[in-house]
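Welcome! Take a moment to look over the sequence and the 3D view, and then we can walk through the fold together.

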Amino acid sequence: MIRPHILVTNRAFPETLARLEAFATVEANAGEAPWPRAELLRRAAGADGLLAFMTDHVDAAFLAAAPRLRAVGCALKGADNFDLAACAARGIAVSVLPDLLTVPTAELAIGLMLALGRHVRAGDALVRGGGFEGWRPVLYGTGLAGSTVGLLGMGAVGQAIAARLAGFGCRILYTDDAAAPPPGTGRRAWPDLLAESDWLVLAAPLTPATLHVVDAAALAAMRPGALLVNIARGSLVDEAAVAAALGAGRLGGYAADVFELEDWARPDRPRVIHPGLLAHPRTLFTPHLGSAVAGLRREIELAAAGSLAAFFAGLPMPGRLAS
């Protein structure tokens, strides 16, 4: 039988490539940066399968450049950068990983909350700058104990965040419908969630309904001095509005692992992070590290490769979204 040709768009673990090479011819990106779009489209022409990552945007242009494409195994959870309807119309199978990214993303959310509230960035700069001579009455921050945390998104990640916050003695509220909300949590309408929360943590998928759900109006409705944390998708927030709220002193701080410029499916997305966010001292950013735990990343890639292996063996494809 002719072996399928699999295109791996970003650097992958050797174990991942070995898994693919067991049944396919593999063409893999060995660098740390994604291929430029033109090069990716050129390489896609010969691909029967695609091992895709967060940097990929499978749209009509990509599909037109990949006439042989039959399956996409995504090493990620959210498929908002993939045109699932167009894939389905072509009969292209698309799989995602609904569970493996949950725990590390929830852990990062807690880390960002602690670091933002307790001024870890400013404290580190003070020590490294040579200005530390012992304790001083400075950098008093905000803890988690006894605070009210509002969660936008009570899916798997939201529930994992809530479970970890329970140990801090937080009051946890949420706004969306949850099939099985964790014990001790309370549901609120969106305006009430904004008004009651000391922390607002975003853990929802990007959809037309959640695009810029945190806009100037939502920020104005938040409790003065509240802290905002985004570990979901950058475009859940209007970054310009967040920068303005920080500049005006209405928002107490903003931490994010995701940014609007990453949401490739938005043709109007910003191409840079808002400079007002980068310049403000009460911000804290990580470069999309939600699942960046070495052992878990290996497991994620192997699972995506396994989905492709199942498809090309004629077996049910785990995590399949489109057919």
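Which strands does helix H5 lie across? Helix H5 (residues 102-117) lies across strand S6 (148-152), strand S9 (199-202), S10, S11 and S12. Please keep in mind that this is a predicted model.

## The sheet

Let us start with the strands. Seven of them form an open sheet in the order S8-S7-S6-S9-S10-S11-S12, and their pairing is parallel. At the edges are strand S8 (185-187) and strand S12 (283-285), each of which pairs on one side only. From one strand to the next, the twist averages 20°.

Now back to the helices. H5 runs at about 150° to S10. Helix H7 (residues 156-166) also packs on the sheet, where it touches S6, strand S7 (171-174) and S9. The direction of H7 makes about 170° with that of S6.

## Where H5 meets H7

How do H5 and H7 pack, and at what angle? Their axes are 9 Å apart and the angle is about 50°, so the two helices are oblique to each other. The crossing of H5 and H7 is right-handed.

On the H5 side are Thr102, Val103, Thr105, Ala106, Glu107, Ala109, Ile110 and Met113, and they meet Ala156, Val157, Ala160, Ile161, Arg164 and Leu165 in H7. Sorted by class, the contact of H5 with H7 has 10 nonpolar, two polar and two charged residues.

## Where H1 meets H12

Another helix pair is worth a visit. The axes of helix H1 (residues 14-21) and helix H12 (residues 294-312) come within 9 Å and cross at roughly 10°. Angles under 35 degrees count as roughly parallel, so H1 is roughly parallel to H12.

From H1, the residues Glu15, Thr16, Arg19 and Leu20 meet Arg298, Glu301, Leu302, Ala305, Gly306, Leu308 and Ala309 in H12. By class, the contact of H1 with H12 has five nonpolar, two polar and four charged residues.

## Aromatic pairs

Finally, a look at the rings. The count comes to four aromatic pairs. One of them is formed by Tyr254 and Phe285, which are edge-to-face, with 6.2 Å centre to centre and 75° between the planes. This pair links distant parts of the chain: Tyr254 is in strand S11 and Phe285 is in strand S12, 31 residues apart.

Definitions and conventions: Residues numbered from 1 in each chain as written. Predicted model: local features only at pLDDT ≥ 70, side-chain atom pairs only at ≥ 80, totals over all residues. Heavy atoms only, no water. Pairing = 2+ DSSP bridges. Helix = DSSP H or I, 4+ residues; strand = E, 2+ residues; numbered from the N terminus. Axes fitted to C-alpha atoms, helices over the stretch in contact; angles between N-to-C directions. Contact = heavy atoms within 4.5 Å. Parallel < 35°, antiparallel > 145°, perpendicular 65-115°, else oblique. Left-handed = near helix turned anticlockwise from the far one by under 90°. Nonpolar A, V, L, I, M, F, W, Y, C, P; charged D, E, K, R; others polar. Phe/Tyr/Trp six-rings, centres within 6.5 Å; stacked < 30°, edge-to-face > 60°.
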